[in-house]
Amino acid sequence: MSKKGILLVNLGSPKSTDVKDVKDYLDELKKNKKVIDYRWFFRSLLVQGIILNTRPPKSAAAYKTVWTEEGSPLIVITQKIQQKLQKLVDVPVEIGMRYAEPSIENGIRKLTEQGVTEIVLFPLYPQYAMSTTETVVDKAEEVRKKHFPQVKINYVQPFYNRDIYIDCLAESIREKLPENFDALQFSYHGVPERHIYKTDPTKTCNLNDCCSRESNPSHQFCYRHQCFKTTELVIEKLNIPKEKTVISFQSRLGKDKWMEPYTDETLENLPKKGIKNLAIVCPAFVSDCLETLEEISVEGKEEFLHAGGENFHYLPCLNDEDRWIDVVKTLCEEKLNEFYLV
């Protein structure tokens, strides 16, 4: 008789803030051809010749500003999600990271050691992207075929527009919003524009207008559309006027054309438009990490205040809020039940 289990997968984090550990983490991350999608020679030149020679010390210093006594915030929060979820379900729950440890292979192995042969794998990314969701599935299938061919994996799909997620996110934001704010900014992790086209098997994507259409075949693969849709649904739920909201994209790397508008430039320009009291949320992440705790709540705050802003409120991610754990449980159970239908 088959036994079921759940594997929660997040991005990952360096083992420590030591420069060597950060370098090893960046090496694995940046070598992924779906993260930096250049040809092998140019990707190797960029990663080995530039990124790994310049970024590790800077990134290590940044990680030190967010590191906790328990370790990496992202790892610690994912562990808390696992522990809370385990109390609500009667199947084993493990975690795995796309990069570094605990790895996806480690997570699957822990489940198989408990007799699990059917796994619901949950990539903890609300929106679909080549560099996140797609690479998790690629890695999991590579590991499964090589080490666990007897295991079946059912994947939780992106949930950017699911009612239970939108309700959860909206209520979380509502509770954290300051009483007075001039604008609510939604800052999503950016990706190069070419990624949007590369992930569209329908070849119907047109960044100029299709994101705003009610329906388009590319939407199920379009990160940009999904970010805009999440924002639209949340502000509708919060009953906030659209003109009081802003959407932007952060964390760009290099000189390629990334999705616009850019978060850093937006933060510098908002005070010039009379936005002095800003609230900002990062719905591409479900767990606080370097990109939210340092890039937004520290660097972003400095940029906004330096440009003339007066009050900057970063609204934390869902993290291990009970309402979010209930969403995770529901989405996982849907996929667990599909095993019974086969």
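Valine 120 has 0% relative accessibility and therefore counts as buried. The model is predicted, and this residue belongs to strand β3.

- Leaving aside residues up to four places away in sequence, valine 120 touches Gly5, Ile6, Leu7, Asn154, Val156, Cys332, Lys335, Leu336 and Phe339.
- Leucine 8 is 112 residues from valine 120 along the chain, yet the C-alpha atoms of the two are separated by 8.4 Å.

**Helix α5 (residues 130-147)**
- With 18 residues at 1.5 Å a residue, α5 should span 26 Å; its end C-alpha atoms lie 24 Å apart, which agrees.
- Its buried residues are Met130, Ser131, Thr132, Thr133, Glu134, Thr135, Val136, Ala140, Glu141, Val143 and Arg144.
- These buried residues of α5 pack against strands β1 (4-12), β2 (93-99), β3 (118-123) and β4 (152-155), and against helices α4 (104-112) and α7 (193-198).

**Packing of α4 with α5**
- The axes of α4 and α5 cross at roughly 50 degrees and come within 10 Å.
- α4 and α5 are therefore oblique to each other, and their crossing is right-handed.
- On the α4 side the contact is made by Ile104, Glu105 and Ile108, and on the α5 side by Val136, Lys139, Ala140, Val143 and His147.
- By class, the contact of α4 with α5 has five nonpolar residues, two charged and one polar.
- Val136, Ala140 and Val143 of α5 are buried and also take part in the contact with α4.

**Packing of α6 with α8**
- Helix α6 (residues 163-176) and helix α8 (residues 223-238) have axes 9 Å apart, at an angle of about 60 degrees.
- α6 and α8 are therefore oblique to each other, and α6 passes α8 in a right-handed crossing.
- α6 contributes Tyr165, Ile166, Asp167, Leu169, Ala170, Ile173 and Arg174 to the contact, while α8 contributes Thr230, Leu233, Val234, Lys237 and Leu238.
- Sorted by class, the contact of α6 with α8 has eight nonpolar, three charged and one polar residue.

**Helix α3 (residues 73-86)**
- α3 has 14 residues and reaches 20 Å from its first C-alpha to its last, close to the 20 Å expected at 1.5 Å a residue.
- Buried in α3 are Pro73, Leu74, Ile75, Val76, Ile77, Thr78, Ile81, Gln82 and Leu85.

**Backbone geometry in two loops**
- Most residues other than glycine have a negative phi, and most peptide bonds are trans.
- In the loop between β2 and α4 lies alanine 100, whose phi is near 70 degrees, a positive value in a residue other than glycine.
- The loop between β2 and α4 also holds proline 102, which is joined to glutamate 101 by a cis peptide bond with omega of about -5 degrees.
- The loop between β6 and α9 contains serine 251, which has a positive phi of about 65 degrees although it is not a glycine.
- Proline 261 has its place in the loop between β6 (245-250) and α9 (263-269), and the peptide bond from glutamate 260 to proline 261 is cis, with omega near 0 degrees.

Technical notes:
Residues are numbered from 1 along each chain as its sequence is written. This is a predicted model: local features need pLDDT of at least 70, side-chain atom pairs count only at pLDDT 80 or more; totals for chains, interfaces and linings use all residues. Side-chain values use heavy atoms; hydrogens and water are left out. Axes are lines fitted to C-alpha atoms, for helices over the stretch in contact, and angles run from 0 to 180 degrees between N-to-C directions. Helices (H or I, at least four residues) and strands (E, at least two) are DSSP runs, numbered from the N terminus. Angles under 35 degrees count as roughly parallel, over 145 as roughly antiparallel, 65 to 115 as roughly perpendicular and the rest as oblique. A crossing is left-handed if the near helix is turned anticlockwise from the far one by less than a right angle, and right-handed if clockwise. Contact means heavy atoms within 4.5 Å. Ala, Val, Leu, Ile, Met, Phe, Trp, Tyr, Cys and Pro count as nonpolar, Asp, Glu, Lys and Arg as charged, and the others, Gly among them, as polar. The expected span of a helix is 1.5 Å times one less than its number of residues. Buried means under 20% relative accessible area, exposed over 50%, partly exposed in between (1.4 Å probe, protein chains only).
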